[in-house]
Amino acid sequence: STASCMEWLEQCAPYIHHFHIHNNKGDWDTHNDVWDGTIPMEALLAKAAQLCPQATATLELMDSEPSVQWLLDRGFLETKG
């Protein structure tokens, strides 16, 4: 059987230092916006913040601005100023 992304995160969290973040529909590696796909991104990022808060991330997207705003709106990113 295959593990869900949440099961994978729970098992691998002690070893995770960096995420490459994007979403897809599960058939092709399309690098969709973070909300546009089969990965429950909001739940996954919240769990990652709990389990491996030291981990950094890279957005792997064709156009990052909408996903950056989505992340800001949900408190996963913050601006410094």
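Modeller: Helices and strands here are DSSP runs, numbered from the N terminus. The model is a predicted one.

Biologist: How is empty space in a structure found?

Modeller: Rolling a probe the size of a water molecule over the atoms shows where empty space is left. In this model, the largest pocket holds about 320 Å³ of space.

Biologist: Which residues lie nearest the centre of the largest pocket?

Modeller: Ile-21, Leu-45, Ala-55, Ala-57 and Phe-76 do, out of 14 lining residues. Two or more lining residues come from each of β1 (18-21), α2 (41-51) and β2 (56-59).

Biologist: How does that lining divide into nonpolar, polar and charged residues?

Modeller: There are 13 nonpolar residues, one polar and no charged.

Biologist: And the second largest pocket, how much space lies in it?

Modeller: About 250 Å³. It has 13 lining residues, and Trp-8, Phe-19, His-20, Ile-39 and Leu-44 are the closest to its centre. At least two residues of this lining are supplied by each of α1 (5-12), β1 and α2. The largest share, four residues, is from β1. By class, nine of the lining residues are nonpolar, four are polar and none is charged.

Biologist: Which residues of α2 are buried?

Modeller: Buried means under 20% relative accessible area. In α2, Met-41, Leu-44, Leu-45 and Ala-48 are buried. They lie on the same side of α2, because they cover an arc of only 95° around the axis.

Biologist: What covers the buried residues of α2?

Modeller: The covering elements include α1, β1 and α3 (65-73). Of the buried residues in α2, Leu-45 is among those nearest the centre of the largest pocket, and Leu-44 is among the closest to the centre of the second largest pocket.

Definitions and conventions. Residues numbered from 1 in each chain as written. Predicted model: local features only at pLDDT ≥ 70, side-chain atom pairs only at ≥ 80, totals over all residues. Heavy atoms only, no water. 1 Å grid on protein atoms, 1.4 Å probe; cavity = no way out; pocket = protein on both sides within 12 Å on 5 of 7 lines; lining within 4 Å. Points joined across faces, edges and corners; volume = space filled by probe spheres on them. Nonpolar A, V, L, I, M, F, W, Y, C, P; charged D, E, K, R; others polar. Buried < 20%, exposed > 50% of the residue type's maximum accessible area, 1.4 Å probe, protein only. Arc of directions from axis to C-beta. Contact = heavy atoms within 4.5 Å.
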